Amino acid sequence: MEGGVDRLLGLDRRHVWHPYASMPGVHDLRFVESAEGVRLRTVDGDGNRRELIDGMSSWWAAIWGYRHPALDAAAHAQIDTMSHVMFGGLTHEPAIELATRLVDLSPNGLEHVFLCDSGSVSVEVAIKMSLQYWRSVGMPAKRRLLTWRGGYHGDTFHPMSVCDPDGGMHALWRGVLPEQVFADAPPGGFDDEPDPAYVESLADLVEQHADDLAAIVVEPVVQGAGGMRFHSPAYLRAWRDLADEHDVLLVFDEIATGWGRSGAMFAADHAGVSPDVMCVGKALTGGYLSMAATLCTPRVAEGISQGDVPVLAHGPTFMGNPLAAAVANASLGLLGTVDWRGEVARIEAGLRAGLAPAREIPGVRDVRVLGAIGVVELDHDVDIAAATAAAVETGVWLRPFRNLVYTMPPYVTADLDVATICRAVVAAAQAG
Ligand SMILES: *Cc1c(COP(=O)(O)O)cnc(C)c1O
């Protein structure tokens, strides 16, 4: 396009809707020219060029950074073969390989894979699977969902209904969103003993609603966009027991936590628990392309396939997209060859050391680290503009929200860069 960055930013402000934004745009935007390794090359409105270390992995997806040779090669090779072909009545190697890899890597018992285009859609599919399962086995009254507060499952309507009622703006959507059953947010942190009274309250809720519950839907171990909170894996075992006892399906949303982010391949692995249905997305393609998947057990698949309507009536236009599948295969391939556990543990140690000084800042309520996730929670909402400016001044891209300044760096972030990210988080928490 013609014109300088200034002109482009002007066009953007007039025409382009950004996440959680109003129109015309009022936000301070940085223009990205290119990205490589863990660095974004940006230009601001004044024409100043900068290299920023990406502390966000592009919303937790770019686990290998940018322009990774293996992922680039997979994308180029697939473009030279075919970029896309419809999935109804046709199939292809990238999708078959991906589904097989997903089954191999995921917790035991998950054997069937529905490929879809985004995390929110994969949660829609998980909910549709759960509701249709109970319809098919003759229990159509089981159509509500149970979750805990503090969760996030996407921005389309049914996933929104299981997001935290405040964070998901349920008041705005009263009368539109289906009304689900909410437990309190899980108490304590990752290392804290589970609270027996809390587990008891979960048991009461499941028992009370068992006749109309289709599924329990939760993010295991890490509640991400709902508040970046960690909880004891023991609660997942409690959910599994309660689901079995009261005949309710268990859905784990591993869209944020999957692929090693919390230090285990899946957060469910911390608990040794398998769900009946599992969603993955975000880092599935190493952050290159939009793709997600919903996995389920043979029990769920067979239940649906033996019902009156023996098909799962869902089929996105870009289902199984070969280009995205090829890059996902390359990314999952790297998980097989790179010592990601070692890298995530190395980053975890760096975050623990580097974020510790944040504890001394007035207004900081908590500092927590799990795997390659570092969070500074303030006792007030962050001044996003001031916090972002402080991070950028340190040479780092961060995107705080609500009262949280956090980082989820790519697994390939070197120790010095992790230290710089930590300094930026501390500076942002101080400024914001
Ligand atoms: C990001 C996210 C989603 C939604 O995924 P999109 O690809 O943005 O639709 C759902 N669940 C969790 C846990 C997420 O982190």
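Predicted model: local features only at pLDDT ≥ 70, side-chain atom pairs only at ≥ 80, totals over all residues.
I take helices (H or I, at least four residues) and strands (E, at least two) as DSSP runs, numbered from the N terminus. Residues are numbered from 1 along each chain as its sequence is written, and side-chain values use heavy atoms, with hydrogens and water left out.

**Helix α5**

I looked up α5, which covers residues 119–136. Its 18 residues reach 25 Å from first C-alpha to last, close to the 26 Å expected at 1.5 Å a residue; the expected span is 1.5 Å times one less than the number of residues. I count a residue as buried under 20% relative accessible area, exposed over 50% and partly exposed in between (1.4 Å probe, protein chains only). On that basis 15 of the 18 residues of α5 are buried, so the helix is largely enclosed by the rest of the structure. Just after α5, G138 has a positive phi of about 85 degrees.

**Whole chain**

I noted 13 helices and 16 strands in the chain. The radius of gyration is 22 Å, close to the 22 Å from the globule rule for 432 residues, so the chain is as compact as a globular protein of that length. That radius is taken over C-alpha atoms, and the rule is 2.2 Å times the number of residues to the power 0.38. The C-alpha trace spans about 65 × 55 × 45 Å along its principal axes. I find 53% of the 432 residues buried. Contact here means heavy atoms within 4.5 Å. Of the contacts with a separation of 6 or more, 71% are between residues 24 or more positions apart.

**Helix α8**

I then turned to α8, residues 234–246, with 13 residues. It reaches 18 Å from its first C-alpha to its last, close to the 18 Å expected. Its buried residues are A234, Y235, L236, A238, W239, R240, L242, A243 and H246. Their cover includes β5 (144–148), α7 (196–209), β7 (213–218) and β10 (249–253). D247 follows α8 and has a positive phi, near 55 degrees.

I located M265 in the loop between β10 and β11 (277–280). M265 is buried, at a relative accessible area of 10%. Leaving out residues up to four places away in sequence, M265 touches L105, T257, G258, W259, G260, L335, W340 and R341. M265 and L335 are 70 residues apart along the chain, and their C-alpha atoms are separated by 9.1 Å.

T42 is in strand β2 (residues 39–43) and counts as buried at 4% relative accessibility. With residues up to four places away again not counted, T42 touches R30, F31, V32, N48, R49, R50 and L52.

**Backbone entries**

I found a cis peptide bond between M23 and P24, with omega about -5 degrees. P24 is in the loop between α1 (5–15) and β1 (31–36).

W60 is not a glycine, yet its phi is positive, about 75 degrees. I place W60 in helix α2 (residues 57–60), where it counts as buried at 5% relative accessibility.

V221 is not a glycine either, and its phi is positive at about 70 degrees. V221 is in the loop between β7 and β8 (222–223) and is buried, with a relative accessible area of 0%.
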